[in-house]
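Dear colleague,

Please find the structure below, with its sequence. A summary of the findings follows it.

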Amino acid sequence: MKGINVGFGNRGKAWHRWAKAAGVDVVGVVDLNREILDRNCDELEIPEPMRFTSIEEAVASTGAEVATVCTANPHHNAAIQNCLDAGLHVIVEKPMVETAEDANEIIKKAEGKGLQVACSQNYRFNPGMLALRNAIENGEVGELVSASVTFHRWRPTEGLFLPLMLNQSIHHFDGLRWILQDDPAWCFARSLNPDWNKCDGPTVIEAIYGFSKGTMVTYSGSYVAQGTVTPYSGLWRIEGSTGQMHFKGDGDEAVTLTRRDPEESRTLPAIKTELANPAQACRDFLDAIRNGTPAPNAAQDNVKSLAMAWAAQKSSDEKRVVQIDEAI
């Protein structure tokens with residue numbers, strides 16, 4: 001399929017490579033900033049006829065069918081809308097969009113036009129997370145009881161809406177849904193931006209989620225950690241009726257399985273994908289288009305991950321338990 005890359009900053013340059021690895025015939029790149037566009041295209045030796053400052057112009061000139069969107073978070077909605085108006089299927093960097101209103105509008109428009117919109121939730125392809133999901137599917141820990149994810153980093157932010165939750169926690173929220181193969185029903189949370197911190201907020205969250213099948217999930221996140229930090233993929237613990245699993249995150253892809261009775265401790269093998277994580281997400285997206293099936297990371301599914309962030313903020317603002325459906 002012919003495709004264009006929309007948003008050509010540093011991450012956009014990476015998407016140029018990932019899209020090609022996934023099988024996209026990249027025929028154009030788009031960025032509103034001509035200086036950034038030319039500088040990065042020069043670096044990658046992308047010829048002048050492939051450079052565009054508007055999506056409409058790129059589609060008219062190239063006959064593109066799909067687009068990868070890697071603009072700044074606040075501009076995702078406009079870029080996706082423009083791509084849909086131009087008749088393109090779209091895969092977008094996380095977060096798909098910032099608000100439920102935007103998400104619902106995009107889903108409605110895409111369905112009306114018979115187009116697919118998907119979000120690149122690349123953490124689904126982390127070897128450790130694949131191992132966690134596989135172990136649960138194989139009954140390694142029995143009936144699920146609880147899960148916890150801890151994420152603490154120092155990462156000042158500026159100009160982002162719900163910066164911690166939509167920029168980083170969204171990976172963990174989506175990973176929880178995907179690994180547990182379940183969706184949350186309710187949330188009780190407290191989010192804040194400490195008064196000594198000058199970053200955009202909220203930068204700290206403590207949350208409890210009740211999943212539909214009964215699993216209790218706790219989430220602790222911070223973008224203003226002042227000491228030891230966790231991996232970006234976080235520290236994971238999953239408890240079941242017959243065992244417990246730990247995953248330490250980036251750089252340590254192993255999952256440790258332990259049991260109390262009979263006593264056991266062993267390492268579960270990491271599961272690696274053929275392509276780099278974003279490229280693998282893009283390949284799944286292309287396969288879904290070809291097969292006429294919903295992408296695993298389709299907008300209709302991804303909105304449920306986003307709702308974990310929106311519900312947490314609503315719970316914090318209103319100081320009550322929030323049903324996830326209230327946030328969509």
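Glu 137 is partly exposed, with a relative accessible area of 46% (buried means under 20%, exposed over 50%, and partly exposed in between, with a 1.4 Å probe and protein chains only). This is a predicted model, in which local features need pLDDT of at least 70 and side-chain atom pairs count only at pLDDT 80 or more, while totals for chains, interfaces and linings use all residues. Residues are numbered from 1 along each chain as its sequence is written, and side-chain values use heavy atoms, leaving out hydrogens and water.

Glu 137 forms a salt bridge with Arg 133, with 3.7 Å between the closest N and O atoms (a salt bridge is a side-chain nitrogen of Lys or Arg within 4 Å of a carboxyl oxygen of Asp or Glu). Both residues belong to helix H6 (residues 127-137), four residues apart, about one turn of the helix. Helices (H or I, at least four residues) and strands (E, at least two) are DSSP runs, numbered from the N terminus.

In helix H8 (residues 277-291), Arg 290 and Asp 287 lie three residues apart, and their side chains meet in a salt bridge of 3.2 Å, N to O. Arg 290 is partly exposed at 48% relative accessibility, and Asp 287 is partly exposed at 31%. Elsewhere, salt bridges that share partners join Arg 124, Asp 174, Arg 177, Asp 183, Asp 301 and Lys 304 into one network.

A search of the whole structure finds 26 salt bridges. One of them joins the side chains of Lys 13 and Glu 43 at 2.9 Å, N to O. This pair links distant parts of the chain, 30 residues apart: Lys 13 is in helix H1 and Glu 43 in helix H2 (residues 34-44). Lys 13 is buried, with a relative accessible area of 15%. Other buried residues of H1 include Trp 15, His 16 and Trp 18.

**Strands**

Six strands form an open sheet in the order S3-S2-S1-S4-S5-S6, with parallel pairing (two strands pair if DSSP finds at least two bridges between them). Strand S3 (51-52) and strand S6 (117-120) are the edge strands, each pairing on one side only.

Strand S10 (residues 216-222) has five of its seven residues buried. Strand S7 (residues 144-152) pairs with S10 in the parallel sense over seven bridges, whereas strand S9 (residues 204-211) pairs with S10 in the antiparallel sense, over seven bridges. In the hairpin of S9 and S10, Gly 214 takes a positive phi near 105 degrees.

With kind regards
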